[in-house]
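Hello,

Here is the structure for you to look over. My notes follow below it.

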Amino acid sequence: MFFKKFGDKLRSLFGGRKIDEAFFEELEDTLIEGDLGARLTEEISERLREIARKESITEASQLQLRMKDILSEYIQPYTEEPRKGELSVYMILGVNGVGKTTTIAKMSRYFTGKGYKVLLAAADTFRAAAVDQLDIHAQRLGMRIVKQQMGSDPGAVIYDAITSAQSHGDDLILADTAGRMHNKENLMRELKKMDKVIHARGIKEENYRKFLVIDATTGQNGVSQATLFNEAVPLDGIILTKYDSAAKGGALVQIGRTLSLPVVFVCVGEGYDDIRRFDKDEFLDSLLGLGER
Ligand SMILES: Nc1nc2c(ncn2[C@@H]2O[C@H](COP(=O)(O)OP(=O)(O)OP(=O)(O)O)[C@@H](O)[C@H]2O)c(=O)[nH]1
Ligand SMILES: [Mg+2]
């Protein structure tokens, strides 16, 4: 069988058939496959069964929009913008290889395009290549960057970045962080150090944000990552990457439902412009196979 996009599957499932037990069973299997998780799948299925019962709905097609209403309650866009004329620090977190560094490059271009003065901070000092990688993006995009040698204290990089941004009148620091799978204690310790520096340098709480990058191709793992990180440091939002490689966004709905974290950006490719603000309507339409994406 060929891999069929989740939305296409749902579209054909909802199309032209009567509601019966087999329909709900197929729906549940499809939702599980789409990374919505067992608990949430059951909840959605139950709610749809109840709607069908109460409203005497017999056509499956009539439930497709109702499912959108249900998912719509679970997932929200992150709507806050950085404040111009004040310094904000966005820490970009996430496990190995999810796309942190690439996303920072994209975000720097996005915010520069909106008139923000952006500074990059190479606070992933764990790998030598990590600093170089961000540096190459900075050069290509003409962004300012603050970096130190590999192995230096990420807190010190943040400290330098804040000093530099303040004297330069920047609005926004985008900080890359190390992606190795920390255990929770290590993760907390590292982030606490950076936290301390950020607070000590007078960055206001409302201008300090921690966003977690989740790779759409990792499915259910994304949910565990979000849970783990959010326990270690309260997160402010999620960025979904590689949505072009796997148009399965079910994990995002689960994260929204269980952790109440809003979605900031969705990334859809390796190019600098392959980044979109999260548009709930568009996202749910594509997830559910409603109309064209
Ligand atoms: N197709 C696709 N590829 C992406 C996207 N975002 C990032 N990538 C690719 O994913 C790979 C890893 O990206 P990085 O930005 O290096 O990820 P990272 O989280 O910084 O990785 P580490 O620093 O090793 O932890 C690269 O090959 C990127 O080009 C995306 O939205 N779509
Ligand atoms: Mg990186």
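Two strands count as paired if DSSP finds at least two bridges between them. Note also that this is a predicted model.

Start with the strands. S5 (residues 208-215) and S6 (residues 237-241) pair in the parallel sense, over five bridges. Within that pairing, Leu212 stands opposite Ile238 in S6.

S6 is mostly covered, with five of its five residues buried. In a regular strand, side chains alternate between the two faces of the sheet. On S6, Gly237, Ile239 and Thr241 point one way. Ile238 and Leu240 point the other way. Both sets are buried.

Now the helices. H2 (residues 21-33) packs on H3 (residues 38-54) at an angle of about 150 degrees, and their axes are 9 Å apart. Angles over 145 degrees count as roughly antiparallel, so H2 is roughly antiparallel to H3. Their crossing is right-handed. From H2, the contact uses Glu21, Phe24, Leu27, Glu28, Leu31 and Ile32. From H3, it uses Ala38, Thr41, Ile44, Ser45, Leu48 and Arg49. By class, that contact has seven nonpolar, two polar and three charged residues.

Leaving out residues up to four places away in sequence, Glu59 touches Arg17, Lys18 and Ile19. The C-alpha atoms of Glu59 and Asn230 are separated by 41 Å, and the two residues lie 171 residues apart along the chain.

Best wishes

Notes: Residues are numbered from 1 along each chain as its sequence is written. Chains are lettered from A and ligands numbered from 1 in the order in which they are written. This is a predicted model: local features need pLDDT of at least 70, side-chain atom pairs count only at pLDDT 80 or more; totals for chains, interfaces and linings use all residues. Side-chain values use heavy atoms; hydrogens and water are left out. Axes are lines fitted to C-alpha atoms, for helices over the stretch in contact, and angles run from 0 to 180 degrees between N-to-C directions. Helices (H or I, at least four residues) and strands (E, at least two) are DSSP runs, numbered from the N terminus. Angles under 35 degrees count as roughly parallel, over 145 as roughly antiparallel, 65 to 115 as roughly perpendicular and the rest as oblique. A crossing is left-handed if the near helix is turned anticlockwise from the far one by less than a right angle, and right-handed if clockwise. Contact means heavy atoms within 4.5 Å. Ala, Val, Leu, Ile, Met, Phe, Trp, Tyr, Cys and Pro count as nonpolar, Asp, Glu, Lys and Arg as charged, and the others, Gly among them, as polar. Buried means under 20% relative accessible area, exposed over 50%, partly exposed in between (1.4 Å probe, protein chains only).
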